[in-house]
Amino acid sequence: MDEFKIGQVFTGIYPPEAAAWCNQRGDCYIEELPQSRDGRRRFRIVAVPEPTEEEIAEQVRAKRDSLIAKTDFLVMPDYPLTDEEREAVQTYRQALRDLPQQEGFPTEVVWPEVEWPEVTTVSEKVTEALSV
């Protein structure tokens with residue numbers, strides 16, 4: 001593959017190999033520049049900017065929200081959990097909610113561990129109850 005570099009400018013068209021190079025690296029892309037004085041199209045390889053602290057916080061909160069949502073069914077009052085399991089789930093969910101208060105948030109997040117045993121599904125519990 002041809003060697004390309006960030007900041008390199010192409011006039012007219014850019015080689016497809018440049019796009020493949022950017023895609024393979026994953027840290028750059030090709031942007032279109034204003035046309036040259038003679039009206040020709042121009043393109044430049046540009047580095048993907050580092051995310052801002054606000055963007056990182058959004059990503060962390062989105063992951064946190066997703067992890068909380070994955071446990072929503074476990075806190076339903078009719079879901080068959082022991083008191084110990086329910087308390088462990090609630091502790092985990094609270095730790096997720098508290099992430100933004102951690103020192104170092106959002107760049108240095110310590111994700112809580114799942115501290116409850118594998119929770120059996122409702123169908124497994126029903127099957128177990130029917131086999132008795």
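**Note on the predicted model: cores, strands, helices and salt bridges**

1. The largest nonpolar core has 9 residues: Ile56, Ala57, Val60, Ile68, Tyr92, Leu96, Leu99, Phe105 and Val109. A nonpolar core here is a set of buried Ala, Val, Leu, Ile, Met, Phe, Trp, Tyr and Cys residues joined through side-chain atoms within 4.5 Å. Buried means under 20% relative accessible area, exposed means over 50%, and partly exposed lies in between (1.4 Å probe, protein chains only). Helices H2 and H3 each supply at least two residues of this core, and the largest share, 4 residues, comes from H2. In soluble globular proteins, nonpolar side chains tend to be buried together.

2. On the basis of these values: the model is predicted, local features need pLDDT of at least 70, side-chain atom pairs count only at pLDDT 80 or more, and totals for chains, interfaces and linings use all residues. Residues are numbered from 1 along each chain as its sequence is written, and side-chain values use heavy atoms, with hydrogens and water left out. Helices (H or I, at least four residues) and strands (E, at least two) are DSSP runs, numbered from the N terminus.

3. Isoleucine 68, one of the residues of the largest core, touches Arg93, Leu96 and Arg97 when its neighbours within four places in sequence are set aside. Contact means heavy atoms within 4.5 Å. A second, separate core has 7 residues, among them Phe10, Ala18, Cys28 and Ile45.

4. Helix H1 covers residues 16-25, and Ala18, Trp21 and Cys22 are buried in it. Seen down the axis of H1, the buried residues fall within an arc of 95°, so they line one face of the helix. The arc is that of the directions from the helix axis to the C-beta atoms. An α-helix has 3.6 residues a turn, so residues three or four places apart point the same way. On the other side of H1, Pro16, Asn23 and Gln24 are exposed. The cover over the buried residues of H1 includes S1, S2 and S3. Just after H1, glycine 26 has a positive phi of about 80°.

5. Which strands pair with S3? Strand S1 (residues 9-11) is joined to strand S3 (residues 42-47) by 3 bridges, and the two run antiparallel. Strand S2 (residues 28-33) also runs antiparallel to S3, with 6 bridges between them. Two strands are counted as a pair if DSSP finds at least two bridges between them. Valine 9 stands opposite arginine 44 in S3, while glutamate 32 has phenylalanine 43 in S3 as its bridge partner.

6. The model has 5 salt bridges. A salt bridge is a side-chain nitrogen of Lys or Arg within 4 Å of a carboxyl oxygen of Asp or Glu. One of them joins the side chains of glutamate 32 and arginine 41, at 2.8 Å from N to O. Glutamate 32 is partly exposed at 45% relative accessibility, and arginine 41 is partly exposed at 41%.

7. Another salt bridge joins arginine 93 and aspartate 72, at 2.9 Å from N to O. This pair links distant parts of the chain: arginine 93 is in helix H3 and aspartate 72 is in the loop between helix H2 (53-69) and H3, 21 residues apart. Arginine 93 is buried, with a relative accessible area of 9%, whereas aspartate 72 is partly exposed, with 35%.

8. Is arginine 64 buried or exposed? At 13% relative accessibility, arginine 64 counts as buried. Arginine 64 lies in helix H2 and, leaving aside neighbours within four places in sequence, is in contact with Leu96, Arg97, Leu99, Pro100 and Trp111. The side chain of arginine 64 also meets that of aspartate 65 in a salt bridge of 2.9 Å, N to O. Aspartate 65 is partly exposed, with a relative accessible area of 41%.

9. The peptide bond from phenylalanine 105 to proline 106 is cis, with omega near 5°. Proline 106 is in the loop between helix H3 (83-97) and helix H4 (122-130). The C-alpha atoms of proline 106 and glutamate 54 are separated by 8.3 Å, although the two are 52 residues apart along the chain. Glutamate 54 is in helix H2 and counts as exposed at 60% relative accessibility.
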